[in-house]
Amino acid sequence: MPISTEQTPPAASAASSRAALADKKTTVLGVKRIINAFFYSMEGFGSAYKHEQAFRQEMMLAVVLVPVALLLPVGWLGKALMIGSVLLVLIVELLNSAVEWCVDLAAEQQRHPFAKRAKDMGSAAVFLSLVNCLVVWVLVVAQAVSDGRLHG
């Protein structure tokens, strides 16, 4: 049986050892990574609240609507849909804001039609999330009224 003279190339060997080290680092630092991710998320909330007026307005809306959803005499599924639709607005606004900041950075030197298109699409996504929120709230409240749990 011939003896193989092939060896693992140094680059592949280094890559595999880095991968093994990365796996070990992930398992050892898994909890720390989650804690760091939490704090990065909190920084993101703070940045959005500080720099984005639309996010502040939608947060104020959420502060009002979430307790209202919890207090309305609707079923648990209705409450979940109402609160979820409000949270979806916040999620889409955060993503839209992130896209806008990146587009502004990339198009800092010159205006480009793609930059406007990207920002308009993000705005459309926020608009649709707001329409979704309105539709969910109207339908859940209408169901509660028709069931006699809420007097219109």
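**Helices and contacts in a predicted model**

Guide: A search of the whole structure finds 2 aromatic pairs; rings of Phe, Tyr and Trp (its six-membered ring) pair if their centres lie within 6.5 Å, with planes under 30 degrees apart counted as stacked, over 60 as edge-to-face and the rest as tilted.

Visitor: How is the pair of Phe-38 and Phe-39 arranged?

Guide: Phe-38 and Phe-39 form an edge-to-face pair, 5.3 Å centre to centre, with 75° between the planes.

Visitor: What sort of model is this?

Guide: This is a predicted model, in which local features need pLDDT of at least 70, side-chain atom pairs count only at pLDDT 80 or more, and totals for chains, interfaces and linings use all residues. Residues are numbered from 1 along each chain as its sequence is written, and side-chain values use heavy atoms, with hydrogens and water left out.

Visitor: Which residue lies over the face of Trp-76?

Guide: Lys-79 does, at 6.0 Å from the ring centre. A charge sits over a ring if NZ of Lys or CZ of Arg is within 6 Å of the ring centre and within 35 degrees of the ring normal.

Visitor: Changing topic, how many helices and strands are there?

Guide: The secondary structure comes to 4 helices and 0 strands, and from the N terminus on the elements run α-α-α-α. Helices (H or I, at least four residues) and strands (E, at least two) are DSSP runs, numbered from the N terminus.

Visitor: What percentage of the protein is buried?

Guide: Buried residues make up 22% of the 152 residues.

Visitor: How are H2 and H3 placed?

Guide: The axes of H2 and H3 come within 9 Å and cross at roughly 170°. That makes H2 roughly antiparallel to H3, because angles over 145 degrees count as roughly antiparallel, under 35 as roughly parallel, 65 to 115 as roughly perpendicular and the rest as oblique. Axes are lines fitted to C-alpha atoms, for helices over the stretch in contact, and angles run from 0 to 180 degrees between N-to-C directions.

Visitor: Which residues meet there?

Guide: On the H2 side they include Ala-54, Phe-55, Leu-65 and Leu-70, and on the H3 side they include Met-82, Ile-83, Val-86 and Leu-94. Contact means heavy atoms within 4.5 Å.

Visitor: And where is Arg-56?

Guide: Arg-56 is in helix H2, residues 53-71, and counts as partly exposed because its relative accessibility is 25%. Leaving aside neighbours within four places in sequence, Arg-56 is in contact with Tyr-49, Lys-50 and His-51. Arg-56 and Leu-90 are 34 residues apart in sequence and 9.6 Å apart in space, C-alpha to C-alpha.

Visitor: Is Ser-85 buried or exposed?

Guide: Ser-85 counts as buried, because its relative accessibility is 3%. Ser-85 lies in helix H3, residues 76-106.

Visitor: What does the side chain of Ser-85 reach?

Guide: The side chain of Ser-85 reaches the backbone oxygen of Met-82 at 2.8 Å. A polar contact is a pair of N or O atoms within 3.5 Å; within protein, one must be able to donate a hydrogen and the other to accept it, and residues adjacent in sequence count only if both atoms are side-chain atoms. Beyond neighbours within four places in sequence, Ser-85 is in contact with Asn-132, Cys-133, Val-136 and Trp-137.

Visitor: What about Ser-129 in H4?

Guide: Ser-129 lies in helix H4, residues 113-146, and is buried, with a relative accessible area of 3%. A polar atom of the Ser-129 side chain lies 2.7 Å from the backbone oxygen of Val-126.

Technical notes:
Buried means under 20% relative accessible area, exposed over 50%, partly exposed in between (1.4 Å probe, protein chains only).
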